Structure formats: structure tokens, C-alpha cells
Amino acid sequence: MKNKAKSGSALKETEGISSTDNANPNAIKHVKERRQSEPLPDDLVPAILKGDIPALSRAITLVESANPKHQETANTIIKHCLAHANQSVRIGITGVPGVGKSTFIETFGNALTTMGKKVAVLAIDPSSTVTKGSILGDKTRMEHLAKNQNAYVRPSPSGTSLGGVARKTRESIILCEAGGFDVIIIETVGVGQSETAVHGMVDFFLLLKLAGAGDELQGIKRGIVEMADAIAVNKADGDNIKQAKLAQVEFNRALHLYPKKASGWQPKVTLCSALNNEGILEIWELIEDYLKLTKANGYFGANRKEQNKFWLLQTIEDRLKSNFFNTPKIKKELDIQLKRIEEGKTTPFVAAELLLKLKT
Ligand SMILES: Nc1nc2c(ncn2[C@@H]2O[C@H](COP(=O)(O)OP(=O)(O)OP(=O)(O)O)[C@@H](O)[C@H]2O)c(=O)[nH]1
Ligand SMILES: [Mg+2]
């Protein structure tokens with residue numbers, strides 16, 4: 001009975017047994033090969049186009065994979081899906097932790113599906129590897145939406161580089177559009193660089209805010225307010241309504257200080273309660289007004305083209321950078337040169353020249 005405490009825990013594992021020893025190596029090889037060889041684009045593409053969610057999920061997993069073979073398959077799938085991409089609207093939603101993004105997306109997403117729309121929710125959370133990600137757990141917070149037949153909630157891809165995570169999200173957008181989704185929501189936490197990346201891949205950018213706290217307190221940078229097409233003051237309910245109304249006036253005044261947007265759209269400030277489902281439809285109506293205006297004046301299409309150009313350059317930059325820094329020869333020499341700089345034996349420019357020449 002000495003071991004009672006030990007064996008009583010469900011988390012304890014039996015020590016000293018390695019299951020792989022008993023496994024047939026041929027079987028392992030077979031499973032590994034199967035895993036690597038499937039799924040094939042020929043199977044996945046028609047399934048995605050039919051709106052098959054498991055197929056869409058598998059394709060996104062391929063997009064997110066670091067395995068070069070998977071990436072090759074993913075590229076083929078994306079190429080085939082591009083031609084079938086649905087006419088969608090891409091909405092970016094940002095705001096500090098706790099502002100109510102998940103609650104908002106749950107309410108907003110369900111409202112849209114009630115209107116007969118198909119809604120996909122993707123997330124950019126580059127910090128997720130460190131913090132385990134606040135967005136990663138969102139599938140549980142968006143409980144109803146995740147179960148909704150006409151919605152698809154995909155947790156944030158993991159990754160340390162924002163560029164990498166952003167590329168995966170952009171490719172996932174295309175796959176969701178091929179899957180027939182009308183509204184693609186990209187969620188991000190409004191405290192870092194990720195909202196700039198999100199702004200560069202959406203048609204409409206919504207900033208959620210709280211009443212009664214200054215921008216500094218909310219950790220929102222000035223640049224983010226400038227990017228917003230609308231600010232929604234959330235939690236405008238209960239005792240908070242009066243303050244929320246004051247905040248609305250204040251934000252409206254602040255927005256008028258910014259130069260006019262290239263879209264010709266004057267950003268709006270609204271009030272909502274994601275929790276009580278109030279002011280949510282008004283935000284959709286606002287987005288519809290925005291779409292009407294920007295499609296009529298040509299900005300909608302022009303902006304998407306500009307975004308594509310930007311992502312072409314961004315992808316090349318990311319690839320060149322990672323190729324360079326992952327070359328063993330460079331890695332070794334970089335260490336040497338960093339040390340030499342520390343010892344005052346070289347200058348950054350001489351060292352950079354040397355390293356760049358090494359590559360070519
Ligand atoms: N009173 C009120 N509470 C709300 C409202 N929206 C969200 N909340 C509450 O605020 C808390 C945070 O909401 P979340 O939706 O998790 O916020 P979030 O922005 O997704 O937070 P992170 O995922 O941590 O970035 C929860 O306890 C919600 O119930 C609202 O409209 N009114
Ligand atoms: Mg959240």
C-alpha cells in the first residue's frame with residue numbers, strides 16, 4: 001500500500017515501459033509513409049469546394065505544417081482553390097485582452113449565420129507559443145458558434161514569426177473562401193504588431209474598445225485607431241451605458257482628427273453589448289454600408305490588389321530571410337562575427353558584407 005498515493009493519480013504514467021520497443025518497425029514505417037503521402041489534393045480540392053469541413057481542416061493543417069512535402073501539397077491545393085474563391089468579406093477584429101472579442105465574435109457570427117451566411121473565424125496570435133495563446137482556447141469560448149453548422153472556428157496557428165503565422169492565415173482565408181464561406185473573421189489581440197498584419201489582409205477593420213479607460217490604459221497604440229474603419233465600444237450594458245455613451249462622443253471626436261481615409265469612408269463609433277446581443281446587427285449594417293461605398297468607388301478591389309502585391313513582397317522577404325539565416329555556413333559565421341563585434345574587432349557593416357558575400 002506504500003504506492004497508493006502514487007498510483008492514485010490519474011496523471012501518473014507507468015515508468016520504465018517504452019511502447020515503441022514492442023511496435024513493429026515496418027508498421028511504423030507504413031503509418032509514417034501513409035501520413036506523409038496523404039491527403040492528396042485530388043481528393044481534398046473537390047471536397048473543399050463542396051463545403052466539406054473536415055477536408056477544409058485537413059488542408060489548413062497542411063498549410064500550417066512545417067514539412068516541405070505538406071507545403072508543396074498545400075500550394076497545389078491553394079492554386080486549385082483560388083479560381084473558386086467565393087466573393088467574401090474579410091473582417092479584422094482587434095482589441096485588448098478581455099475587451100470581449102471572443103464573446104463578440106460568438107454573438108456576431110451567430111447573427112450572421114441566422115441571416116443565412118457562412119462564417120469562418122481565423123486567428124492571428126503570434127504570442128501563442130509563449131503564452132499558450134489566449135486565442136487558442138477560443139473554440140471553447142465560442143461554444144455555440146463552433147457547433148454551428150454554418151460556421152467554422154479555427155484556432156490560431158502556432159509559430160514564432162509573425163510573418164509565418166500571417167502567411168498561414170492568408171492562405172487559410174483562400175481555402176475558407178473556396179469552401180463557400182461568405183464572411184471571414186480574423187481575430188487578433190490589439191497589443192502588438194499583429195494587427196498591422198491583419199489590417200493588411202482584410203477589407204474592414206473593427207476595433208473593440210472599453211469605456212472609461214484611456215488608450216494608454218487599454219494598451220492600444222495610436223496607429224491601431226488610425227487603421228480602424230469602426231470602433232465598437234463593447235460592454236455598453238448595465239451601469240456602464242452612460243460611460244459608454246461618453247466614450248462614443250470622445251472617440252468620434254478623436255476619429256475626426258485623422259486624415260480622410262483613401263477608401264473615402266468616414267470611420268464610425270458604435271456601442272454594443274456582445275454579452276446581451278445589443279448593437280450587433282447595427283455593426284453588420286455599417287459593414288454593408290462600407291462595402292457598398294467601397295465597391296462603388298473602386299477602393300474594395302484596388303485595396304485587395306494592393307494587399308496581394310504587399311504579400312508577394314512580404315513572402316519573398318520572409319523566404320529570403322529564413323533561407324539566409326538557416327544556412328549552416330551562415331549560422332556558424334554569424335556567431336563568429338557577433339563575437340568579433342562584441343570584442344570590438346569588426347564593425348557591423350564589414351561583418352554584414354562578409355556574411356552576405358558568403359551566401360552568394
Ligand atoms: N458586461 C459585459 N461583459 C462582457 C461583454 N462582452 C464580453 N464580456 C465579458 O468580458 C470577459 C472577457 O470576454 P472575452 O470575450 O473572453 O474577451 P476577449 O477579448 O476575447 O479576451 P482575450 O481572448 O483574453 O483576448 C468575459 O467575462 C465576458 O463574459 C459585454 O458586452 N458586456
Ligand atoms: Mg478571446
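Me: Which residues line the largest cavity?
Reply: This is a predicted model. In it, the lining of the largest cavity is made up of I60, E64, L122, A123, R154, P155, P157, K168, T169 and S172.

Me: And what volume does the largest cavity have?
Reply: About 50 Å³.

Me: Which elements supply at least two residues of that lining?
Reply: Those are α5, β2 (119-124) and α11. Helix α11 gives the most, with three residues.

Me: How does the lining of the largest cavity split by class?
Reply: Five residues are nonpolar, two are polar and three are charged.

Me: How many cavities of 30 Å³ or more does the structure hold?
Reply: Two.

Me: Which elements give two or more residues to the lining of the largest pocket?
Reply: Helices α5 (53-64), α6 (68-82), α11 (162-178) and α17 do. The largest share, 13 residues, comes from α17. K168 is in the lining of the largest cavity as well.

Me: What classes of residue are in the pocket lining?
Reply: There are 13 nonpolar, 16 polar and 11 charged residues in the lining of the largest pocket.

Me: Back to α17. At what angle does it pack with α18?
Reply: Helix α17 (residues 299-326) packs with helix α18 (residues 328-342) at about 70°, and the axes are 5 Å apart. An angle of 65 to 115 degrees counts as roughly perpendicular, so that is how α17 and α18 lie to each other.

Me: Which residues meet there?
Reply: From α17, F324, F325 and N326; from α18, P328, I330, K331 and L334. By class, this contact has five nonpolar residues, one polar and one charged.

Me: Different topic. What does the pLDDT average over the protein?
Reply: The average is 84, and 81% of the residues score at least 70.

Me: Which elements have the lowest and highest mean pLDDT?
Reply: Helix α1 (residues 4-8) has the lowest, at 43, and helix α16 (residues 280-296) has the highest, at 98.

Me: Where does pLDDT stay under 50?
Reply: Residues 1-19 form one such stretch, and for them the model has two contacts beyond four places in sequence. Another is residues 128-134, with 11 contacts beyond four places in sequence.

Note on methods
Residues are numbered from 1 along each chain as its sequence is written. Chains are lettered from A and ligands numbered from 1 in the order in which they are written. This is a predicted model: local features need pLDDT of at least 70, side-chain atom pairs count only at pLDDT 80 or more; totals for chains, interfaces and linings use all residues. Side-chain values use heavy atoms; hydrogens and water are left out. Axes are lines fitted to C-alpha atoms, for helices over the stretch in contact, and angles run from 0 to 180 degrees between N-to-C directions. Helices (H or I, at least four residues) and strands (E, at least two) are DSSP runs, numbered from the N terminus. Angles under 35 degrees count as roughly parallel, over 145 as roughly antiparallel, 65 to 115 as roughly perpendicular and the rest as oblique. Contact means heavy atoms within 4.5 Å. Ala, Val, Leu, Ile, Met, Phe, Trp, Tyr, Cys and Pro count as nonpolar, Asp, Glu, Lys and Arg as charged, and the others, Gly among them, as polar. pLDDT is the predictor's confidence in each residue, from 0 to 100. On a 1 Å grid over the protein atoms alone, a cavity is a set of points where a 1.4 Å probe fits but cannot get out, and a pocket is an open set with protein on both sides within 12 Å along at least five of seven lines; lining residues have an atom within 4 Å of a point. Grid points are joined across faces, edges and corners, and a volume is the space filled by probe spheres set on the points.
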